[in-house]
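Biologist: I am new to this structure and would like a close look at a single part of it, followed by its setting. Please define your terms as you proceed.

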2 protein chains.
Amino acid sequence: MAQQNIYDNEIFFAGYKKIRENQVNANNLFEIPALFSMMPNLKDKTILDLGCGFGEHCKGFVERGAKKVIGIDISEKMLEIAKQENTDSKITYINMPMENIFELTEKFDIVISSLAFHYVEDFAGVVKNVYNLLNENGAFIFSQENPLCTCHSGGQRWTKDENGNKLYLNLSNYGIEGERESTWFVDNVKKYHRTFSSIVNTLIEVGFSINKMIEPLPTEEILSQYPDYKDLFHKPDFLLVKCTK
Amino acid sequence: MAQQNIYDNEIFFAGYKKIRENQVNANNLFEIPALFSMMPNLKDKTILDLGCGFGEHCKGFVERGAKKVIGIDISEKMLEIAKQENTDSKITYINMPMENIFELTEKFDIVISSLAFHYVEDFAGVVKNVYNLLNENGAFIFSQENPLCTCHSGGQRWTKDENGNKLYLNLSNYGIEGERESTWFVDNVKKYHRTFSSIVNTLIEVGFSINKMIEPLPTEEILSQYPDYKDLFHKPDFLLVKCTK
């Protein structure tokens with residue numbers, strides 16, 4: 001099973017970096033607040049971040065009192081930025097695909113992953129390894145693209161009216177799990193679709209207890225500033241899950 | 001909060017009875033097998049069935065060894081059929097809306113509900129009452145219309161090609177929970193939409209542990225006989241949940 005390292009593609013990397021530099025994006029408005037809302041008190045906690053990217057979350061965990069943070073990412077380019085911009089004596093960055101975390105020799109209080117699992121083919125395998133790496137009662141908190149997004153199988157994603165307003169999400173193949181090819185900066189970005197029930201069942205079968213799920217939606221305040229985000233009421237972009245060992 | 005008793009509407013009742021008399025329907029092919037696959041061994045168990053309708057499930061539980069079954073339904077007409085067709089000394093049918101189950105004075109090993117909750121406005125209230133009526137380690141197993149169905153807010157449900165094949169589900173307002181009016185035999189059938197995450201969170205907040213979720217899909221065998229059910233790969237009709245006190 002090949003691991004995908006699209007973030008080391010130069011064109012992809014440049015495009016991704018640019019949108020993340022714009023502070024008004026769906027990650028900052030919806031995904032990050034939801035992710036941190038699920039976090040327990042981080043004081044003196046040890047944390048593993050799967051697909052840590054630029055390391056902003058790793059830095060955030062240290063600022064919230066974490067004792068030790070390990071951030072892993074398959075992309076050397078992402079970790080170069082992490083080491084420049086989000087360095088700290090309590091953070092260690094390791095260049096490693098998340099499929100290989102069984103190589104780690106210590107255990108953690110919290111494992112998190114932000115918007116990386118939809119690139120991973122063997123979700124069940126990663127979940128098993130996370131379970132083994134967690135201390136008893138440890139928390140596993142992750143976000144991914146919402147299954148209503150990952151199911152997309154080509155064609156127009158939306159039906160729009162004559163003024164370009166989004167009327168319907170063109171939903172297809174929700175029940176067919178597996179690989180999807182998409183274009184995001186470059187062609188052939190591979191993502192993997194799993195249904196809501198499949199995600200939940202995989203976690204439970206490995207031994208986790210589900211604590212909470214969030215599909216973030218815009219608040220009135222966000223809508224008043226950025227009215228285009230009303231389309232999230234048709235299709236939330238993200239799914240977040242908190243579960244406990 | 002008014003309780004809806006659409007099944008006592010004569011036109012609705014006649015239409016519903018007719019489709020259920022046809023043995024080839026989505027309930028028989030998908031929902032019932034999934035529901036029974038979630039059942040523990042029923043030997044000597046006490047069971048409460050919320051929205052028991054014609055009582056087929058109640059009879060099925062007794063046939064599988066249940067010691068005592070109480071079936072409640074808001075519709076007198078449905079219970080008349082239940083008492084004619086699915087009577088047994090171990091089954092008691094009670095004409096009662098499921099919002100009133102707090103009036104029951106005994107506890108149960110299993111509470112089930114088949115395709116009734118999408119008619120219920122106060123899901124959290126029902127879940128709390130179910131929790132209180134269950135013995136320790138008791139199981140709560142239910143099916144409902146899939147959230148990809150209940151979110152439907154009017155307009156054409158599908159985009160079809162020139163030959164009438166379903167290309168896309170026209171998904172809208174998934175993120176907006178609450179009442180939907182639909183036409184099924186009669187106008188103004190009220191259903192209530194809840195998102196996947198909202199259903200899960202309600203169960204967890206009341207104290208349940210989630211054990212399993214199923215969104216049933218057709219097998220190869222079913223597809224070879226009834227190829228139109230391939231559309232379920234775009235949109236599963238049902239969601240089933242098993243959880244434990």
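Modeller: Met213(B) has Val241(B), a residue of E11(B), as its bridge partner. The model is predicted: local features require pLDDT of at least 70 and side-chain atom pairs count only at pLDDT 80 or more, whereas totals for chains, interfaces and linings use all residues. Residues are numbered from 1 along each chain as its sequence is written, and chains are lettered from A and ligands numbered from 1 in the order in which they are written.

Five bridges link E10(B) to strand E11 (residues 238-244) of chain B, in the antiparallel sense. Helices (H or I, at least four residues) and strands (E, at least two) are DSSP runs, numbered from the N terminus; two strands pair if DSSP finds at least two bridges between them. In general, strands of a sheet pair through backbone hydrogen bonds, either parallel or antiparallel.

The contact of the two chains takes 31 residues from chain A and 31 residues from chain B, where residues are in contact if their C-beta atoms, placed from the backbone, lie within 7 Å. On the chain A side, strand E7 (166-171), helix H7 (196-206) and strand E10 (209-214) each supply at least two residues. E10(A) gives the most, with six residues. The side of chain A that touches chain B comprises 17 nonpolar, 11 polar and three charged residues; Ala, Val, Leu, Ile, Met, Phe, Trp, Tyr, Cys and Pro count as nonpolar, Asp, Glu, Lys and Arg as charged, and the others, Gly among them, as polar.

Strands also meet across this contact: E7(A) is joined by three bridges to strand E7 (residues 166-171) of chain B, and the two run antiparallel. Here Asn170(A) stands opposite Asn170(B).

As for chain A as a whole, it contains eight helices and 11 strands.
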